[in-house]
Amino acid sequence: MPTDSTPTIFIDPAKCIGCRQCEIACAVEHSQSKDLFSAIFEDPLPLPRIHILPMGAYNVPMNCRHCDGAPCVEVCPTGALFHDEDGAVMITPEKCIGCKMCAIVCPFGIPEFEALNGVMFKCDMCPDRRAEGRVPACVEACKTGALQFGTIDEIVGRVRKETAEKIIKLKEGEYEEEYNGWDLYRSMYAEIIRVNEGESK
C-alpha cells in the first residue's frame, strides 16, 4: 500500500485556544538571537510565519500548507520559491523581486511582503530544526495538540487511535465528550433562540 512520507504541519482548530504561543515561538525561531528576551529588542523585530485567526467559536491557525504542485512555486518568475528535500516550500530572498504574485495565487493567503527589504516571506517549516530531527517551533510550542507535525499516515494513525480509545471509554461509561468551540457556539445560539422565543410569547 503506497504511503505519503512527506511530513508537514497539520492543524486542528477545535483544539486551538488562541494563546498565540505558536506565533511567538515562530518569531523567536526566525530572529537573529533565537532568544525571546533578546528578540524583542531586535531591529527589525522578527515576524511570525503563522497567524491565529479568531473565527466565531474557533481560533484557526493559518500557516503554509507546503502544497504539492504549489501555485506559489509555479507562478514565481525568478525561481525564488522552491521545494526542499522534505517537500517544504522555501523562498530565496536574494532571488525575490517582490512582485507579490505568490501572495495573489496562494489559496490560503500565506506569503507576506516584508517592506524593509522589499521581498516576500513565509513559513519555511523551520529547516534548522528539521535538520536536527526536531519539530517546527510552532508545533513544539503548542500545548493543546492543535498543531501536529508528521506524515498524513502518522496523523491519521493518531486520530484512529484517539477515536478508538474514546469509543471504548464511551462504551464503558467513562468518557465525557470534550466541550469544544462548536459546543459553546451551539449552546449560546440555542440560549438566544430560547430567550427570543420567550420574549415573543
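Biologist: Is Ser 31 buried or exposed?

Modeller: Ser 31 counts as buried because its relative accessibility is 7%. Buried means under 20% relative accessible area, exposed over 50% and partly exposed in between, using a 1.4 Å probe and protein chains only. Keep in mind that this is a predicted model, where local features need pLDDT of at least 70, side-chain atom pairs count only at pLDDT 80 or more, and totals for chains, interfaces and linings use all residues. Residues are numbered from 1 along each chain as its sequence is written, and side-chain values use heavy atoms, with hydrogens and water left out.

Biologist: OK, where does Ser 31 lie?

Modeller: In the loop between α1 (21-29) and α2 (36-39). Helices here are DSSP runs of H or I with at least four residues, strands are E runs of at least two, and both are numbered from the N terminus.

Biologist: And what does Ser 31 touch?

Modeller: Leaving out residues up to four places away in sequence, Ser 31 touches Ala 39, Glu 42 and Pro 46. Contact means heavy atoms within 4.5 Å.

Biologist: Switching to strands: which way do β1 and β8 run?

Modeller: Antiparallel, with four bridges joining β1 (residues 8-11) to β8. Strands pair if DSSP finds at least two bridges between them.

Biologist: Which residue in β8 is the bridge partner of Ile 11?

Modeller: That's Leu 147. Leu 147 and Phe 149 point one way from β8 (residues 147-150), while Gln 148 and Gly 150 point the other way, and all are buried.

Biologist: How many helices and strands does the chain have?

Modeller: Eight helices and eight strands. Buried residues make up 34% of the chain's 201 residues.
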